[in-house]
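Please have the sequence and the coordinates open as you read.

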Amino acid sequence: MTKRLYYDKPDLLEFDSVVESVTIPENGADRKSPSIILRESAFYPTSGGQVHDTGWIAVGNERLRVAEVVEAEDGRVVHYLEGPPKPSTAEPQTFAVAGATVHGTIDEERRRDHMQQHSGQHVLSAVFIALYNMPTVSFHMGEDYCSIDLATESLTEAQVRGAEKRANEIIFENRPVTIRYVRRDEAEKLGLRKLPPAEREELRLIEVADFDLSACGGTHVSATGQIGSILLRKTEKTRQGMRVEFVCGTRAVRAARRDYATLTEAASLFSSQLGDVPQLIRKTFDESKTLRKQREDALDELAAAMAEATLKASSMESRPVIVRVFPDRDSAFAKLFAQKLTRSGAPVIALVASALSPPGLIFAQSPGQTADMGALLRETLLSVGGRGGGSKDFAQGGVPAGLNLEQLLQVAVSKIKVE
Ligand SMILES: [Zn+2]
């Protein structure tokens with residue numbers, strides 16, 4: 001097992017160690033990057049919901065980037081180096097050998113961020129138990145947000161605010177966070193918030209003074225004030241219960257900064273104050289709904305008027321066949337126009353097209369007519385490679401762009417069979 005320096009010194013960011021082994025991946029291996037195992041390490045490997053550290057391992061004059069750190073099943077910490085080895089360094093001897101002394105450096109910003117998030121999670125999980133008796137069943141640390149899953153059916157907005165307020169109080173009180181080790185049988189008597197599965201004899205306990213005691217192997221701040229602050233965000237239902245997203249410290253500032261930028265942009269689009277944005281969005285929704293309705297009504301009236309004028313102009317014919325191509329109106333309007341014509345009471349056949357993309361055809365006839373619009377449309381579409389269909393009295397379809405629609409309709413007119 002690798003000696004974990006962070007267990008007792010979570011603030012340790014530089015350390016000396018000795019190489020135990022180096023692994024260079026063989027061709028076809030799952031992982032392409034070489035890895036190093038050290039006698040002791042301050043690098044935190046991904047475990048218990050907390051993600052791994054990154055940093056550097058210096059060997060002689062060479063500084064190797066540590067891109068990922070994992071925990072092997074035998075308890076050793078494996079440091080994966082960045083990228084596959086260059087041909088010149090493909091031999092392990094050229095950068096590290098067992099027994100070589102190395103100097104490790106942890107990426108400080110990333111570690112501090114993880115300590116803030118992880119310690120914030122301890123406080124938050126304890127708050128949810130203290131206030132609402134909701135135990136945490138899992139913890140996830142992502143790149144931007146963290147989340148805990150609570151064993152509860154529901155979570156109200158008031159409970160979320162209450163938990164956030166209480167967690168921030170614990171943070172502002174700057175309570176000491178201490179590490180100690182106890183035997184398992186002792187730990188069982190201490191009433192821990194979280195007891196790990198029985199595999200270790202000795203447990204590492206993290207205590208937030210007079211507030212929370214739990215067994216954990218992660219890295220934590222030394223006083224709650226270092227968490228900075230905690231901001232609860234989205235909540236959602238999951239299979240396990242309720243998920244609560246949160247951010248602590250620098251992440252909370254980053255999240256607030258991002259939200260502020262978004263809201264500022266929205267407000268400038270409305271030329272308004274930030275607080276007026278929701279009201280203005282509501283107003284805009286209502287207005288566009290009204291406008292949509294007005295537009296529909298106007299188009300309906302226009303189609304009716306155009307149909308009436310067209311019928312009047314062809315009133316001398318006993319059974320007018322009306323052919324019309326709309327160069328700048330869509331298929332929905334063409335359909336409306338055809339419906340107005342064929343529902344007027346007079347016996348009419350209407351062959352209508354819209355040239356607007358995507359171009360479409362509407363073939364319709366008044367009820368009781370003897371032609372077959374569906375058959376006529378299918379025949380027309382077949383000749384140009386279009387798609388569509390319909391019944392005896394009404395059919396519609398789409399045709400490829402760039403056709404001479406006027407001509408297409410005239411050919412269709414010549415094929416109308418009336419008994
Ligand atoms: Zn922890």
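Is Cys216 buried or exposed? Cys216 counts as buried because its relative accessibility is 9%; buried means under 20% relative accessible area, exposed over 50%, and partly exposed in between, with a 1.4 Å probe and protein chains only. This is a predicted model, in which local features need pLDDT of at least 70 and side-chain atom pairs count only at pLDDT 80 or more, while totals for chains, interfaces and linings use all residues. Residues are numbered from 1 along each chain as its sequence is written, and side-chain values use heavy atoms, leaving out hydrogens and water.

Cys248 is buried too, with a relative accessible area of 0%. Its sulfur lies 6.6 Å from the closest cysteine sulfur, in Cys146, which is too far for a bond. Across the whole structure, the search finds zero disulfides (pairs of cysteine sulfur atoms within 2.5 Å).

| Residue | Relative accessible area |
|---|---|
| Cys216 | 9% |
| Cys248 | 0% |

Now to the sheet. Five strands form an open, mixed sheet in the order β16-β17-β18-β20-β19. β16 (321–326) and β19 (387–390) stand at the edges with a single partner strand each, so one side of each has no neighbour in the sheet. From one strand to the next, the twist averages 10 degrees. Strands are DSSP runs of E of at least two residues, helices runs of H or I of at least four, numbered from the N terminus; two strands pair if DSSP finds at least two bridges between them.

β19 and β20 (residues 394–398) run antiparallel, joined by four bridges, and Gly388 stands opposite Gly397 in β20.

Terms used
Axes are lines fitted to C-alpha atoms, for helices over the stretch in contact, and angles run from 0 to 180 degrees between N-to-C directions.
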